[in-house]
Amino acid sequence: MASAHPPTPVLCGLGGWLPPRIVTNEELSRGLDTSDTWIRTRTGIGRRHVAEPGTATSDLAVEAARRALKSAGTDHADALILATTTPDRPCPATAPLIAAELGLGTVPALDVGAVCTGFLYALATGAGFLAAGLAGTVLVVGADTYSRILDPADRSTRALFGDGAGAVVLRAGTADEPGALGPLVLASDGTGADLIRVPSGGSRDPVRPGTAHLSDPYFRMEGKKVFRNAVERMAAASRQVAERRGWGVEGIDLLVAHQANVRILYAVADLLGLPRSRCHVHLDRVGNTAAASVPLALADAAAGGALRPGDRVVTCAFGGGLTWGAAALNWPGISPH
Ligand code: UT7
């Protein structure tokens with residue numbers, strides 16, 4: 001007889017990929033009114049990776065996905081979910097292209113657009129596929145190339161973002177296994193939709209007939225308001241999942257939060273009453289990689305020895321929408337690629 005409980009998603013593979021070109025704060029400040037000192041002190045970022053012209057989000061995603069599959073000891077997954085807000089094209093979704101590149105056959109594949117919270121929304125979608133019996137394994141990828149949508153003249157966004165991709169493999173398992181994921185919490189507040197946005201190019205402000213121009217195709221963010229929201233929302237969501245998992249905040253071994261600003265990371269830790277040493281920092285080397293941020297930070301923590309099998313991990317994110325969320329995870333004995 002079938003179990004009354006849906007399967008628990010279990011993380012069994014992890015991989016990341018960063019495009020090789022590195023742009024330091026010094027290089028950025030040569031063409032922009034900013035400085036290494038401002039960027040480091042206000043954000044904690046020292047450098048970021050930027051995709052070469054001709055490289056698209058799917059190219060980064062395929063590299064990360066291959067590494068996640070390798071880490072899981074397989075070359076197949078039954079479904080693919082891509083979190084991104086910089087798809088290769090506005091239409092169609094990018095996920096089917098990635099599935100085809102990976103040779104996954106005709107598996108279901110879709111994009112999820114929750115900006116910097118996208119990876120957590122994609123994890124939840126993957127868990128839903130497992131619970132519905134649509135798949136036994138799911139490849140969940142977070143990939144973005146924000147360099148393509150930043151205004152070259154806007155120092156307040158160009159200093160922050162970098163390109164990259166991260167991926168995990170989830171399989172159907174049980175709650176007592178290493179790698180067991182959950183609970184997750186997800187939320188949104190569309191009254192704050194204007195705080196993070198690309199104003200033009202959608203149905204609200206499409207291409208102007210006869211000109212083929214968009215009035216503002218670039219990414220815009222009201223940083224200060226986002227900052228305050230991000231701290232409060234990520235702290236509350238992290239507390240919620242830690243308590244529901246039965247760990248409490250004090251039981252969290254490592255907090256792996258969306259890497260937007262080191263001041264945000266430490267403010268979240270302070271608000272939770274968690275020592276800052278238990279908050280993983282990766283943004284100094286990659287900046288804010290949007291939907292790729294959480295899996296890349298997990299891969300960095302695992303590769304650098306900050307995560308050991310059995311560790312109690314809480315991951316959280318905040319982004320445009322507004323959207324936010326958190327997930328608890330028992331760290332499995334896997335090696336990221
Ligand atoms: O990933 C989604 C979530 N995103 C985030 O969580 C980002 C959240 N926000 C932040 O991280 C911060 O608000 C920023 C890093 C974006 C800005 O830091 P801030 O301490 O809030 O600075 P501010 O916006 O109050 O700006 C202070 C000053 C301004 O100049 P004035 O108006 O005081 O003359 C800015 O124009 O700093 C200026 N500024 C810069 N100066 C040098 C903004 N960006 C730069 C820059 N270099 N790159």
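Mentor: We will go through helices, then strands, then aromatic rings.

Trainee: What should I know about the model and the numbering first?
Mentor: This is a predicted model, in which local features need pLDDT of at least 70 and side-chain atom pairs count only at pLDDT 80 or more, while totals for chains, interfaces and linings use all residues. Residues are numbered from 1 along each chain as its sequence is written, and side-chain values use heavy atoms, with hydrogens and water left out.

Trainee: OK, which residues of H8 are buried?
Mentor: In helix H8, residues 262-272, the buried ones are Val-262, Ile-264, Leu-265, Val-268, Ala-269 and Leu-272. Buried means under 20% relative accessible area, exposed means over 50%, and partly exposed is in between, with a 1.4 Å probe and protein chains only. Helices (H or I, at least four residues) and strands (E, at least two) are DSSP runs, numbered from the N terminus.

Trainee: And where do they fall, seen down the axis of H8?
Mentor: They fall within an arc of 165°, so they line one face of the helix; the arc is that of the directions from the helix axis to the C-beta atoms. These buried residues pack against helix H2 (36-43), helix H7 (223-244), strand S11 (254-257) and helix H9 (283-286), where contact means heavy atoms within 4.5 Å.

Trainee: Why does Leu-265 count as buried?
Mentor: Leu-265 counts as buried because its relative accessibility is 1%. Leaving aside residues up to four places away in sequence, Leu-265 touches Ala-257, His-258, Gln-259, Cys-279, His-280, Val-281 and Leu-283.

Trainee: You mentioned H2; which of its residues are buried and which are exposed?
Mentor: The buried residues of H2 are Asp-36, Ile-39 and Thr-43. Seen down the axis of H2, they fall within an arc of 85°, so they line one face of that helix, whereas Thr-37 and Thr-41 are exposed on the other side. The buried residues of H2 pack against helix H1 (25-30), strand S3 (47-49), H8 and H9, and H2 is followed by Gly-44, whose phi is positive, near 85°.

Trainee: Switching to strands, how many residues of S12 are buried?
Mentor: In strand S12 (residues 312-319), 7 of its 8 residues are buried.

Trainee: Which strands does S12 pair with?
Mentor: S12 runs parallel to S11, with 4 bridges joining them, and Val-256 stands opposite Thr-315 there. S12 also pairs with strand S13 (residues 323-330) in the antiparallel sense, over 8 bridges. Two strands pair if DSSP finds at least two bridges between them. S12 and S13 form a hairpin with 3 residues between them, and Gly-321 in the turn has a positive phi of about 140°.

Trainee: Now the rings: how many aromatic pairs are there?
Mentor: The count comes to 4 aromatic pairs. One of them is Phe-161 with Phe-219, which is edge-to-face at 5.1 Å centre to centre and 75° between the planes. Rings of Phe, Tyr and Trp (its six-membered ring) pair if their centres lie within 6.5 Å, and planes under 30 degrees apart count as stacked, over 60 as edge-to-face and the rest as tilted.

Trainee: What does that pair tie together?
Mentor: Phe-161 lies in the loop between helix H6 (155-158) and strand S7 (164-173), and Phe-219 in the loop between strand S9 (196-197) and strand S10 (220-221), so the pair ties together parts that are 58 residues apart in sequence. Phe-161 is buried at 4% relative accessibility, and Phe-219 is buried at 3%.

Trainee: What about Phe-318 and Trp-324?
Mentor: Their ring centres are 6.1 Å apart and their planes are at 20°, so that pair is stacked. Phe-318 and Trp-324 are buried as well.
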